[in-house]
Amino acid sequence: TPAADQTAECDGSGNASALAAWLSNNGGASASDVCSGVNWTNNYTGLSDGCGNTGSATVIFTATDSCGNSTSTIATFTIEDTTSPTIDTPAADQTVECDGSGNASALAAWLSNNGGASASDICSGVNWTNNYTGLSDGCGNTGTATVIFTATDSCGNSTSTTATFTIEDTTSPTIDTPAA
């Protein structure tokens with residue numbers, strides 16, 4: 001029976017037990033010899049670097065009999081990442097009182113903090129992006145923006161969370177000079 005390729009979903013720690021089991025089982029290969037038993041060896045040295053903690057190794061498994069005759073079979077062990085990051089904390093809406101100048105610092109802080117969202121990925125870190133383009137026009141200097149925050153792992157898998165930033169005006173005007 002020739003060795004068979006095996007693919008495993010990234011577990012974040014090199015899939016050591018799955019790889020060790022595949023290697024010790026000679027990739028599923030079996031061999032026999034009419035004159036003696038066989039001894040298995042392989043040329044595994046390590047995994048190639050993929051995205052995150054993924055990679056692959058093409059391994060030659062060699063069965064050798066007691067007289068030194070040998071035959072080989074080749075298979076590949078692959079670690080892949082097809083799982084999107086997990087949103088641990090979704091983005092949260094934020095409402096601020098109009099400061100008369102667009103609330104730029106509050107908006108910038110909310111955007112850079114991904115609306116308060118957090119995400120994790122078992123195979124790699126995450127990179128955050130968002131689709132903010134501007135605030136809608138409200139009355140005065142008020143407005144809203146509904147923003148999609150996207151967490152993307154090193155392998156290009158992504159997940160999103162959405163929240164709205166709102167600038168409102170609930171403060172009545174002040175009388176600077178009373179009527180005379």
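A disulfide, as used here, is a pair of cysteine sulfur atoms within 2.5 Å. With that in hand, open the model, which is a predicted one.

**Stop 1: the disulfides**

The structure holds 2 disulfides. Counted along the chain over the bonded cysteines, their pattern is 1-3, 2-4.

Select C10 and C123. A disulfide joins them, with 2.2 Å from S to S. The link is right-handed, at 90 degrees about the S-S bond. C10 sits in the loop between β1 and α1, and C123 in the loop between β7 and β8, so the pair ties together parts that are 113 residues apart in sequence. C10 counts as buried, at 6% relative accessibility. C123 counts as buried too, at 1%.

Move on to C51 and C155. Here the disulfide spans 1.9 Å from S to S. This link is right-handed, with 105 degrees about the S-S bond. The pair links distant parts of the chain, 104 residues apart: C51 is in the loop between β2 and β3, C155 in the loop between β9 and β10. C51 is partly exposed, with a relative accessible area of 30%.

**Stop 2**

C67 counts as exposed, at 60% relative accessibility.

Then pick C98. C98 is in no disulfide, and the nearest cysteine sulfur, that of C139, is 8.2 Å away. At 22% relative accessibility, C98 counts as partly exposed.

**Stop 2: the whole chain**

Zoom out and switch to cartoon. From the N terminus on, the order is β-α-β-β-β-β-β-α-β-β-β-β. The protein is more spread out than a compact globule, because its radius of gyration is 29 Å, well over the 16 Å that the globule rule gives for 180 residues. Turn the model along its principal axes: the C-alpha atoms fill a box of roughly 120 × 20 × 20 Å.

Colour by accessibility. Of the 180 residues, 30% count as buried. The accessible surface comes to about 10000 Å², and 48% of that belongs to carbon and sulfur atoms. Now consider contacts between residues at least 6 apart in sequence: 59% of them join residues at least 24 apart.

**Stop 4**

Select residues 6-9 and 70-80. These are strands β1 and β4, which run parallel and are joined by 4 bridges. Click T7: its bridge partner in β4 is T78.

β3 and β4 pair in the antiparallel sense over 10 bridges. Which residue of β4 does S56 stand opposite? It is T78. Follow the chain from β3 into β4. The two strands form a hairpin with 4 residues between them, and G68 in the turn has a positive phi of about 90 degrees.

**Stop 3: the aromatic rings**

Show Phe, Tyr and Trp side chains. The structure holds 4 aromatic pairs. Select W110 and F149. They form an edge-to-face pair, 5.2 Å centre to centre, with 80 degrees between the planes. W110 lies in helix α2 (residues 104-112) and F149 in strand β9 (residues 143-153), so the pair ties together parts that are 39 residues apart in sequence. Both W110 and F149 are buried.

The ring centres of W110 and F165 are 5.4 Å apart and the planes stand at 45 degrees, so the pair is tilted. This pair also links distant parts of the chain: W110 in helix α2 and F165 in strand β10 (residues 158-168), 55 residues apart. F165 is buried, as is W110.

Finally, select W22, F61 and F77. Ring pairs link these residues into a cluster.

**Stop 4: N127**

Go to strand β8, residues 126-130, and click N127. What does N127 contact, leaving aside its neighbours within four places in sequence? The residues are T150, A151 and T152. The C-alpha atoms of N127 and A151 are separated by 5.5 Å, although the residues are 24 apart along the chain.

Methods: Residues are numbered from 1 along each chain as its sequence is written. This is a predicted model: local features need pLDDT of at least 70, side-chain atom pairs count only at pLDDT 80 or more; totals for chains, interfaces and linings use all residues. Side-chain values use heavy atoms; hydrogens and water are left out. The radius of gyration is taken over C-alpha atoms; the globule rule is 2.2 Å times the number of residues to the power 0.38. Buried means under 20% relative accessible area, exposed over 50%, partly exposed in between (1.4 Å probe, protein chains only). Contact means heavy atoms within 4.5 Å. Accessible areas come from the Shrake-Rupley method with a 1.4 Å probe; for residues, only the protein chains shown count as cover. Rings of Phe, Tyr and Trp (its six-membered ring) pair if their centres lie within 6.5 Å; planes under 30 degrees apart count as stacked, over 60 as edge-to-face and the rest as tilted. Two strands pair if DSSP finds at least two bridges between them.
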